Structure formats: structure tokens, C-alpha cells
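Please read this note with the structure open beside you, and check each point against it as you go.

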Amino acid sequence: MSTTTRQDTGVAPGGEQRARSGAVTHAKPPRSGMLLSLLAWVVGLLFALPVFWMVLTSFHSEADAATNPPSVFAPLSLEGYRTFFGSDPWPALLNSLTASVLSTVLVLVLAFPAAYALSIRPVRKWTDVMFFFLSTKMLPVVAGILPLYLFAQKAHLLDNIWWLILLYTTMNLPIAVWMLRSFLAEVSVEMLEAAEVDGASLSRTLREIVAPVVMPGIASAALICFIFSWNELLLARVLTSTVAATSPVYLTGFVTSQGLFLAKVCAASLVVSLPVLAAGFAAQDKLVQGLSMGAVK
Amino acid sequence: MATTTGLSVAVALGLSACAGWGGGGIGGGGPNSINVLMVNNPQMVDLQKLTAEHFTKETGISVNFTVLPENDVRDKISQEFTSQSGQYDIASLSNFEIPIYAKAGWVAPMDGFIAKDTGFDQADILKPMTTSLSSEGKIYGEPFYGESSFLMYRKDVLESKGLTMPAHPTWQQVADIAAKVDGAKPGMAGICLRGQPGWGQLFAPLTTVVNTFGGTWFEKDWTPKVNAPEFTEATSFYVDLVRKHGEKGAPQAGFTECLNNLAQGNVAMWYDATSAAGSLEAQDSPVKGKLGYVAAPVVKTKSSGWLYAWAWSIQQASTKKDNAWKFISWASGKDYEKLVGQELGWSKVPAGKRASTYENPDYLKVAQSFAVPTKEAIESADPENPGVQPRPAIGIQFVDIPEFPSLGTQVSQDVSAAIAGKTSVKDALDKGQQLADDVAQRYQERGQ
């Protein structure tokens, strides 16, 4: 193919190499590009398939959802959704929302100044501090569950949403500090110095100089913390019972060892996933900017 | 950013106002309410539906339920009751846990409440149920529904081969019939027996077979007998039967798989829980009306059916025991069975616990074919003396000690491997004997 191109172009010997390589780069990208696109589609579909399957199953009757081989074209039904909404899921959903929103706000309020002190005006031995934050994530949650339970029992904090809010805040704080620190490191020192020279106060500098630059970072950190809190099951299952139970705990209640449950579990899972999806879509623009911030440096 | 944060804070504060600063969460609570932790079985879900409209309306006591799958609920109950945190007033426990929890002082005795509540009619509860939910003469649990085990078979298939099923068959007779009906229809195996590992799966039916062959896990003085000739003979018989005439995929088959096999015509017989009959005789079942039910097969004992119940127990740490009893008295009472029959249909009645259920013509109309065999199976079950020798602990298809789930599950994995042909019964039971010996030593040292 390159030979044909060379003959057709009939360029001078000096430009031959350039023409050949030009022909090669023209010929190859479409083929490899198509292959890559195809691969991306296949991988994308593989990732999306369980979600599609969940959506489809949620609209089937329990009997059709349980057949083997699966009945893809079975008639659609809202039975699963009726069961879910008929079982009064609102307290659990509101508990999840309370725990996730409040813990995310607390995390941001605490993580932002910490990240500022670790990046823009770094404290002494700031790397040790960062490692300390990271080290708190090294202990698996399950290893700490017994002391957390016993403490909550003695302090009368079992089945209390504030105990979950506190735990979710501590659970997400190191991640948020690490994320925000890397975003704050993007703020140029020149901008801060210029603001200082112009007589801007610290709070004004933070509000008008730093915040706009790191807003995408804050959005992505907030979303990550919200998702982690919203989906958390282990702590919620052990530490709550009838009053403060969150939606992941409520979801597990649809599974039974005697009878069919796939359609209603899929319907319930879909509804419970919606707030996270909504938050993700709402923060999409900022999120993409935020996640690619460190990458382009 | 200010707007977004402001909005988030406003939403959060609004939500927290709903939660109540000292309160804990969005759900209910209060002095005239009780908390119930229960397994997510269909009978419990029906109970949940009927509670507000009937129990709460009559008594003014609101009930907050936590419903979890079986394994999760066992974990949660164990965590809750061992710590006596008092979060739940009532939990659904089986007759495996109740005697253990009673000895540990985690559940409250109910005799005082029963004596005062004449309308409850404790004498109507089937005697083996009361026995299996008691410890040292005191009652610690009231059954919600119960089951035993029996043999289910396809009447039409046996008839086509000119065979008759005895009312009280021996295991040898069952094995002979299984051989004759194996392949009676294309793809049909002789019998379905559980092969899935698990103390509550494979070892539920197998322990009843061991009992009737004269075997036992432990003798009265805790001497382990897992590789004794009787235990070995029973296990070899079970493994041979399922390998020669059993269902496809036997090493993975549990209750659900066998239920599907019998319903779909893949097997001619099935030895399992009496509670399976309700699904097999349901309106949409392909085998409705085609099945016969006879007593659990025997060898050396008069009966061999197991006994299992989901029952209510009150946590010792509960501060609302009176209200808790009112709920139990309602849920396990005669009137509740009538309520379910009238509101949801008689096939959904949580049966297997009261003698009066089996005298109710409305119930008998829908449960005609299996009601009497079920009642007879439960009544003939003897959880204190299920075999030919005295036992150190109560239990038919299990040994009622906290170590049994682990021991039973480990040994069942090797027996399941023997069904799959990967090991021999002898090797499986020799390993089991070592494991049982470790457990036995602890009890022998304690002199229990």
C-alpha cells in the first residue's frame, strides 16, 4: 500500500521518506482507530451489561426473572417496583441521604483547611502528615468493628444516625484530604502572591482566588465521599437496627432463602442507585475537569 | 460554590430536623413500640403486612421490623443477643439457637406470660415443638411455623411401574423403589437427596438417616462416633443411593434444587422438609395432585423425621417484655392463623405448630394431601431421643451445641466430595471423627 502511495504521489527523493511515513500514518489510524473503538465499545458494553441486565430484570415478574435460561423477552411488569415502594422504603432512603450529605459537608469543612495547610502553606513534615492520613485507611473496617460496636453500646449510640455520620466523616476524611491537597497544589503561587500584594484577606483569597480554581476538585471529592457514604453497608448493618438503618441495609432485606426475589431486588437496587447517578450527572462537568486536573500537569 | 454549600447545609439540617438531634434516625420508635428482628421468609413478610392494620390497631403497640436474609439474620441476632444490647425486643430464632441462648441467659423465659395469657392455649402447641423450644423445663420460644421431614413421591410414576409405597417405608424399600423408577420417564432420576455442603443442607437429611441406622455424632458422654460402623453404613447408603439413582448435579443440590427437580418432573421421589408440600401443591405447580406423602423412611427407629421451627424469643435485656409477649401471643395465636386464611388464603397459614390447625376444615380443604402426614411427622419427632442411644444434647438433624454449624459444615464438605466421587466415605468420616474429637474434648473436660 505504501508503494502505491509513493508511486502515486511522485514526490522528490528528499521528501520520499516523509511521504511514505505520511502515507503510513494515514493508512494505519483508521484501521487501528476502528479496532480501538471496537474494543472500547466491547469493554464499555461489558461494564454496562450488568446494569442493563438489572434494569431489564427489574421490569420482569418474579417468575420470569428466575428462569434459566433467562427470558429476555418476557412481558414487562412493575411488580418489583410496586413491592419496593409498597414496603415503605422512605425512612431508609432519608437516613442514607442524611448520613451521606451531612458527612460529606463535614468532610469538606475539615478537609479543605487541612489540605490548604498541606499544600499552599505546607506545615513542617507535611509528607509525614499525609502518610499519617493514608495510614488510617490501612486497617480494614472489619478489624475495628468490635470496638466501634462496644463503644456505641456503652455510649448509647447504637441505632443512631449521628454515630454513622461521625464514622462516615472519619472514613472519608483521609481520601478528601489527599484529593483536595493534589487539587490545591495546582493553584499557582504567583496568583496568591498577587492577591496578597493587592491586599486581599485570607478569606477573600480563598473565596475568590483559590475556590474557583479548585472547584472541580471539591466537586469530585464531594461526589466520591457521597458515593462511599451512600453505598456503605458493613458499618450500617452492624451499628443500626430499626430506626437509623440506611438503604443498603434495607436492600438486603429483600433477599430470601424461601421464594423468589430477583425482580424486586433489582427494582430496589435501581431506585437506591438513582441519587448517586443524579449526583454524578449534576457534577459531571466539574467531575471531568477535576479528575483530569492532575493528569495534564 | 457558596450557593451549593448553602443548599447542602440547608438540606442536611432539614433532614437532621427529621432525624431528631438526640433521636437516632428517621424510622419509628417511642415507648409504646417494640423492635422485632426476623428472617425474610414469606410467612414473616405476610406478618409484616398484617401487623399495623390488626395488632397495632387493637393494642396501640407499634412494631418496627428489621427483616434480613437467613444467614444475615443469624449473624445479627448472634451479635445482638450475645452483647445484650437491647436494641430488639423480639427475634425470630430456630429451635437450634433457643436452647443454647436459654442456657446462656440471653433469652427470657415465657412461662409467666403463658400462665397469665389463657387465650394463647399453650396445650394446643404440638408437644415436640414445645420440647425443642424449652430448656431445663422452661419455655423460651413460641413457634411461628414448624416443619418435619417426610418422603414425597410421584404416585403416577410408581403406579405406572406397578409399585406401591408403604405408609412407613424402610430405607431399603425406598432404595429398591428408586432403582425401579430411575429412568421411568426420559431424564427422570429415582430420588432427590441433598448433596450441597452445609450443616443445614446435606446434614439435615443425612443426620436423620444416621439416627435411624443406629448412628450418632456423640454418645451421652461426648464420645465422638463419626467413623463408627453405624454412621459409616448410613453415610455409605446415602452416598451410594444418590450416586446410583439420585439427581443430576447432586453435590450442589440443596432444598431449592430438589424442589425444582420434583416440580419439573426430573425426579420421582424426594426426602425433605414437610414445608415443601405447600409449594408443590400450589395452584401453579405442574405436579399438583400427583404426589403422595409418607413418613420419613426408617431402619432401626420407629420414626426418623426431623424437627425445625422458626420461633419468637424475647431478649433478656428488653425493657418492654410485656408488649413483646402481646405481640408473640398474637403472631403465634390461633386467631392469627384464621386472619391469614381469610385475608391472604389458607395455603399461606403459618402451620406446623398447633393441633387446632389440623382440625380446621378450611385449612384441610387446601392442604388435604399433606396436612395429616405433616402433623404425624411433627408429632412423632422426638428431639430428646432421636436415635437408638441416649444423647448429650437435644436435636434430631443437629447436635444443639454452638460448635455444630462449623463441625457439620466441615464434615459435609467431605461427604459432598464423596457424592461427587472425589473422596471415599471412609476418608471423609475419618477426618470428621478428628474434628468431632476436638469438639468432644472441650465438653469432656468441662464434665458436661
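This is a predicted model: local features need pLDDT of at least 70, side-chain atom pairs count only at pLDDT 80 or more; totals for chains, interfaces and linings use all residues.

The numbered points below take up chain A and then chain B.

1. In chain A, the domain assignment gives domain 1 as residues 2–58 and domain 2 as residues 88–293. Where these two domains touch, domain 1 of chain A contributes four residues and domain 2 of chain A contributes six residues. If we sort the domain 1 side of chain A by class, we find two nonpolar and two polar residues there, with no charged residues.

2. The UniProt record, an unreviewed entry, places the feature "transmembrane region" at several stretches of chain A, among them residues 35–56 and 130–149. Over residues 35–56 of chain A, the chain is 100% helix and 0% strand, with the end C-alpha atoms 29 Å apart. For residues 130–149 of chain A, the model gives 55% helix and 0% strand, and here the end C-alpha atoms are 28 Å apart.

3. Two packed helices are described by the angle between their axes and the distance between the axes. For helix H5 (residues 90–119) and helix H8 (residues 161–184) of chain A, the axes come within 6 Å and cross at roughly 40 degrees. The crossing of H5(A) with H8(A) is right-handed, and their contact has 21 nonpolar, six polar and one charged residues.

4. Turning to chain B, the domain assignment gives domain 1 as 32–147 + 308–369 and domain 2 as 149–305 + 401–446. The centres of these two domains of chain B, taken over C-alpha atoms, are separated by 29 Å. Five residues from domain 1 of chain B and nine residues from domain 2 of chain B take part in the contact, and the domain 1 side divides into one nonpolar, three polar and one charged.

5. Chain B has an open sheet of five strands in the order S2-S1-S3-S11-S6, with mixed pairing. Its edge strands, which each pair on one side only, are S2 (62–68) and S6 (142–147) of chain B, and neighbouring strands of this sheet are turned by 20 degrees against each other on average, direction ignored. Within the sheet, S1 (residues 33–39) and S3 (residues 90–94) of chain B pair in the parallel sense over two bridges, and B:Val36 has B:Ile90 in S3(B) as its bridge partner.

6. Which strands does helix H3 of chain B lie across? Helix H3 (residues 70–83) of chain B lies across S1, S2 and S3 of chain B, and runs at about 135 degrees to S1(B). Helix H4 (residues 97–104) of chain B, in turn, lies across S3 and S11 (308–314) of chain B, running at about 125 degrees to S3(B).

7. An open sheet of four strands in chain B has the order S8-S9-S7-S10, again with mixed pairing, and its edge strands are S8 (189–192) and S10 (291–295) of chain B. Strands S7 (residues 149–154) and S9 (residues 267–273) of chain B run antiparallel and are joined by five bridges, with B:Met152 partnered by B:Trp270 in S9(B). Helix H8 (residues 171–181) of chain B packs on the sheet and touches S7, S8 and S9 of chain B; helix H11 (residues 255–263) of chain B also touches S7, S8 and S9 of chain B, its direction making about 145 degrees with that of S9(B).

Terms used: Residues are numbered from 1 along each chain as its sequence is written. Chains are lettered from A and ligands numbered from 1 in the order in which they are written. Two strands pair if DSSP finds at least two bridges between them. Axes are lines fitted to C-alpha atoms, for helices over the stretch in contact, and angles run from 0 to 180 degrees between N-to-C directions. Two residues are in contact if their C-beta atoms, placed from the backbone, lie within 7 Å. Domain bounds come from an automatic or database domain assignment. Ala, Val, Leu, Ile, Met, Phe, Trp, Tyr, Cys and Pro count as nonpolar, Asp, Glu, Lys and Arg as charged, and the others, Gly among them, as polar. A crossing is left-handed if the near helix is turned anticlockwise from the far one by less than a right angle, and right-handed if clockwise. UniProt positions are given in the numbering used here, feature names are shortened, and annotations may be inferred rather than shown by experiment.
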